[in-house]
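Please open the model in a viewer and keep the selection panel at hand.

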Number of protein chains: 2
Amino acid sequence: MRHLEKEVTIYDIARKLNLSAATVSRGLKNNPAINQTTRKKIAAAADEMGYRFNSFASNLRRQRTDTIGVIVPRLNSNFMSEALAGMEKAASEAGYNLIISQSHESMIKERKNAATMFNSRVDGLLVSLSYDTTSMEHFAPFIKKGIPLLFFDRASGYKNSPSIIIDNFKAAYEIVSHLIGEGCSNIVHITGNQSRDIYKKRFEGYKRALEDHTIPFRDDLVFINNLSRQEGAAAAEEILKRPQLPDGIFAANDVCAISCMQTLKQNGIKIPADIAIAGFNNDYISTVAEPNLTTINYPAFELGEAAAKTLIQQLTNSSDLENENALILKHQLIVRESTRKRQ
Amino acid sequence: MRHLEKEVTIYDIARKLNLSAATVSRGLKNNPAINQTTRKKIAAAADEMGYRFNSFASNLRRQRTDTIGVIVPRLNSNFMSEALAGMEKAASEAGYNLIISQSHESMIKERKNAATMFNSRVDGLLVSLSYDTTSMEHFAPFIKKGIPLLFFDRASGYKNSPSIIIDNFKAAYEIVSHLIGEGCSNIVHITGNQSRDIYKKRFEGYKRALEDHTIPFRDDLVFINNLSRQEGAAAAEEILKRPQLPDGIFAANDVCAISCMQTLKQNGIKIPADIAIAGFNNDYISTVAEPNLTTINYPAFELGEAAAKTLIQQLTNSSDLENENALILKHQLIVRESTRKRQ
DNA sequence: GTGAAAGCGCTAACAT
DNA sequence: ATGTTAGCGCTTTCAC
């Protein structure tokens, strides 16, 4: 039906040139054992006959795929698309393809994705966990078969799988300390599911910063939601209802911080004079929002690149990551107008 | 090395259960011809023995991959990540995987990507052209082999390949007419490479709108660049140097419009009072920028979904797209503060 | 420098 | 309802 002509194989080329399939196979791979002239003849014939390499046959034979699987919560976030861009770059430079799938923040889908990746026999797997993943059992087959598994951003302490992250605790500590330094003492924290390590660590950083500045921690200042635009606005509404307004807000991502800020501004709150606001990630929008948002620069592209490179190193055995368990990338606190209370 | 244990095949299962490989194969596929009890036994044994399906062998045999290739200019734009999210959704619902690669706006890379996709024997290919693609020869092999090829957003009139787009001419016409309606008569247009149809059509829409409102077209009001943040700012700098300021700007994407707006604002220009600004795409940032940006809603997610669905329909022959040559999605003009000159 | 032959694991046509 | 058989196209070991 779809295949208009019969596929040309190395046998067809061999027949035409009075060679064996083995020679053609070697010739196409530029195997130095094959005569230069023969190689050229083979290449020419292949070209002329419209030959195309069959990677299944090759994969089947070689037992590897040169493919890396990636499972992300969602493709359509600034952070993820940057990270994926970095991965694609590193992978394609090393001759690997990427199979990308999204879990839509659901463990059920993540499980299916993992199974598909497993059956597709990816050489390795890169994962950023979904929002609601509790069990890690769907990754067990990879461990069992010795397929390298690497978590990035939303990591887990799962088995011996290494992860690539930033120091979320420290980053949060820094940003909250900065807020305190600007005179805030009544700081709201908006964050995500505490079973995701990144949010837990940020929360801990927040608490520690308060503690170290002898500011009592207050449960009612913490909002745990999915950090979406909607939830950011909802948190703002909730805050506005309170008898006493906070003087600072630290949200665990930029999108949420900004939608929260937008809602507050619409209700006449002055940022940063009334309330200072800080986010996390350094998405492009943080420089578009007014006032510009103080945030943590989380190098997403570099993260993706590093993740893919690390995995590929394991694949080629050029390095053993078995001893390292986490690769911590550098982050930076970026102070902008949204938190500058004093001149 | 990486494979700790020998792979289990259907033959192993067959031997263990005293069945033939064919029965096991059918059983695993839940073929109704196979006895319920047998099917259960097979499933149980497969599970217990740690069997995993070998898709290469299957692909090799079936001559198809259930995989769709996607080539995009860049992954990390709001528009593309939305579109990809839509594709991934449609594809995974139909049991297809996606192989995604980016051309980095270069024809050379696009050509390599196409070759890889071809060798990976994708069942179909979705393409949004790179900025500098001039020749389409790298898609010829797909046509020749009858592999469905579908362009989206950055389309081309290539051969009989259909495309999924919006009516860029009309959208641009509408937005420029709106600017004129707000009192603008001196309207800058910032757009992209004119060999990309989308930008050409937008340019034409701009010209036609001027014409229909008897405003003379002026060459010096047109900026052709790559529509990046940098170029948006550069265009603003250039505009600021001019003796006479324009009273309106229509940029062919939101990112460029917003960076242009930021630079103008920094130089004391009032938006929209001095200059009204409109963008294109309805990226999230268009609601974050101040003033909020007037733009065209380009339904990226739906576009991706429609593209994947259309391709899959062709694959399953459930529809013949050979007659249709373009699927035009609806767009909407979204008027926001950045162009409201009059109350 | 080149060839013969076997086999990777699955599926489908054809049998029974 | 299940089995037999052949073959998808490539790689690789062992020969010469």
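The model is a predicted one, in which local features need pLDDT of at least 70 and side-chain atom pairs count only at pLDDT 80 or more, whereas totals for chains, interfaces and linings use all residues. Residues are numbered from 1 along each chain as its sequence is written, with chains lettered from A and ligands numbered from 1 in the order in which they are written.

**Helices 10 and 11 of chain A**

Select residues 229-241 and 254-266 of chain A; the axes of these helices come within 7 Å and cross at roughly 40°. Axes are lines fitted to C-alpha atoms, for helices over the stretch in contact, and angles run from 0 to 180 degrees between N-to-C directions. Helices here are DSSP runs (H or I, at least four residues), as are strands (E, at least two), numbered from the N terminus. The crossing is right-handed, meaning that the near helix is turned clockwise from the far one by less than a right angle.

Next, display the residues in contact (C-beta atoms, placed from the backbone, within 7 Å). Helix 10 of chain A contributes residues including A:Gly232, A:Ala233 and A:Ala236, and helix 11 of chain A contributes residues including A:Cys256, A:Ser259 and A:Cys260. This contact has 8 nonpolar, 3 polar and 3 charged residues (Ala, Val, Leu, Ile, Met, Phe, Trp, Tyr, Cys and Pro count as nonpolar, Asp, Glu, Lys and Arg as charged, and the others, Gly among them, as polar).

**Helix 5 of chain A**

Select residues 78-93 of chain A. Helix 5 reaches 23 Å from its first C-alpha to its last, close to the 22 Å expected at 1.5 Å a residue. Of its 16 residues, 13 are buried (20 or more other C-beta atoms within 10 Å of a residue's own). Just after this helix, inspect A:Gly95, which takes a positive phi of about 80°.

**Between the chains**

**Helices 10 and 11 of chain B**

Finally, select residues 229-241 and 254-266 of chain B, whose axes come within 7 Å and cross at roughly 40°. Their crossing is right-handed.

Methods: Two residues are in contact if their C-beta atoms, placed from the backbone, lie within 7 Å. The expected span of a helix is 1.5 Å times one less than its number of residues. A residue is buried if 20 or more other C-beta atoms lie within 10 Å of its own, exposed if 12 or fewer, and partly exposed in between; C-beta atoms are placed from the backbone.
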